[in-house]
Amino acid sequence: MDPVTNPFSPGAGAPPPELVGREEILERAEILLRRVRQGRSAKSILLTGLRGVGKTVLLNEIKRRATADGYHSILVETPEQAGLLPHLTPQVRGLLLELDRGAGVSARVRRALGVLKSFASAVRVGYSGLEVSLDFEPEVGVADSGDLENDLAGLFVAVAEAAKDRGTAVSLLIDELQYISELELRSLTMAMHRLAQDQLPFVLVGAGLPTLPGLAGRARSYAERLFDFPTIGALSREEAARAIEGPMVGAGVAVARPALDEIFDKTQGYPYFLQEWTYQTWNRAEGSPITLSAVLEASPIVRRRLDEGFFRVRFDRLTRGERRYLRAMADVPPAERTTGRVADILGFKVTSMGPTRANLISKGMVYSPEHGHLDFTVPLFDDFMKRMMPTL
Ligand SMILES: Nc1ncnc2c1ncn2[C@@H]1O[C@H](COP(=O)(O)OP(=O)(O)OP(=O)(O)O)[C@@H](O)[C@H]1O
Ligand SMILES: [Mg+2]
């Protein structure tokens with residue numbers, strides 16, 4: 001069928017033609033937004049899930065809803081190495097300048113701009129490229145101690161007060177939060193703590209890999225009282241069927257049940273894979289209805305595309321030792337994937353494998369679902385490792 005009218009959207013952050021199975025989490029986000037806007041307390045939401053489950057799509061949707069609710073929003077992605085602040089401060093500047101353009105002059109907004117100026121020059125040390133050009137006098141004595149934990153809280157409070165003065169609220173959306181440094185995470189937690197105490201209209205919604213709750217807990221003992229960590233997972237068989245059939249029906253195309261079942265079995269309901277499989281199946285299909293044979297024809301093409309793209313880019317970033325570690329993990333069934341079993345297969349002591357494991361965790365390839373256990377952050381990566389390295 002015509003690829004030009006193909007409704008499916010495989011790709012990072014690409015909005016799916018139908019956002020299925022996320023009603024509950026979106027409802028929670030709505031409640032959070034409404035409560036905070038009214039000066040009521042609510043825990044921030046930090047979405048966690050494996051690669052390609054739709055976290056970025058959700059953040060974008062929550063941002064859209066926040067804007068519709070009258071929020072001013074900032075959406076940033078944490079870079080893998082450089083630190084979050086160099087990305088955050090220019091956006092805070094943009095937001096404050098937007099608030100400054102409102103009717104009349106707001107002393108609170110002007111003050112927040114001064115605080116931002118102080119903040120940026122105080123924390124510049126240790127960050128490259130953290131310059132904020134502003135024609136405002138720095139606000140001396142606020143957010144300028146050079147101690148990030150206090151200064152970020154000072155900045156956020158000033159920003160939230162400025163927003164409140166303008167009758168609006170701020171939503172901060174942070175993607176790839178697992179890459180945040182420990183100091184930045186501690187500071188972010190502290191800042192959210194201050195905002196909650198002062199009941200200021202400022203919400204945080206984050207997204208990251210399942211390593212995130214552990215990081216947050218280590219950063220601050222009260223993190224679990226400030227943040228909820230809902231898990232975003234694969235779609236169920238019925239949800240997957242809806243995600244495929246909805247857009248097809250919208251385009252006047254029917255899908256046979258065995259075709260739906262085959263896509264579910266191949267993708268296990270993981271949203272990114274589902275979009276890829278359905279996208280390629282559409283392109284291969286002769287016409288309506290889409291049958292099992294169209295899916296079977298598309299499958300080797302999709303597998304090759306994934307192996308050469310989605311999986312491959314991650315594999316290429318690994319050292320030889322890290323690849324062997326992942327290959328050994330792939331030999332162990334998920335429920336039994338312990339650090340001990342993996343070390344046994346590789347013929348090493350658990351302790352000597354510690355650095356390799358730590359590197360895989362910081363590269364976002366592996367996480368620990370419970371103490372001593374390990375799993376892949378990329379769905380179906382175990383099968384890929386076996387294809388790439390048939391033997392250890
Ligand atoms: N609820 C959904 N139903 C169907 N498809 C979805 C759904 N959510 C996301 N997708 C699709 O899944 C793909 C991945 O989405 P997204 O990039 O948001 O995932 P992610 O969790 O942010 O991945 P990563 O961890 O790699 O950043 C996109 O192609 C998107 O269209
Ligand atoms: Mg993402």
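## Strand pairing

Strand β3 (residues 169-175) runs parallel to β4, and 5 bridges join them. Strands are DSSP runs of E with at least two residues, helices are runs of H or I with at least four, and both are numbered from the N terminus; two strands pair if DSSP finds at least two bridges between them. V170 has F202 as its bridge partner in β4. Strand β1 (residues 44-48) is likewise parallel to β4, to which 4 bridges join it, and T48 stands opposite G208.

This is a predicted model, in which local features need pLDDT of at least 70 and side-chain atom pairs pLDDT 80 or more, while totals for chains, interfaces and linings use all residues. Residues are numbered from 1 along each chain as its sequence is written, chains are lettered from A and ligands numbered from 1 in the order in which they are written, and side-chain values use heavy atoms, leaving out hydrogens and water.

In β4 (residues 202-208), 7 of 7 residues are buried (under 20% relative accessible area, 1.4 Å probe, protein chains only). F202, L204, G206 and G208 point one way, and V203, V205 and A207 the other.

Together with helix α6 (residues 182-197), β3 and β4 make a right-handed β-α-β unit (clockwise from the first strand over the helix to the second, with the strands pointing away from the viewer).

## Ligand contacts

A polar side-chain atom of T56 lies 2.8 Å from an oxygen atom of ligand 1. For E176, the corresponding side-chain distance to a ligand 1 oxygen atom is 3.4 Å.

Methods: Buried means under 20% relative accessible area, exposed over 50%, partly exposed in between (1.4 Å probe, protein chains only). A polar contact is a pair of N or O atoms within 3.5 Å; within protein, one must be able to donate a hydrogen and the other to accept it, and residues adjacent in sequence count only if both atoms are side-chain atoms.
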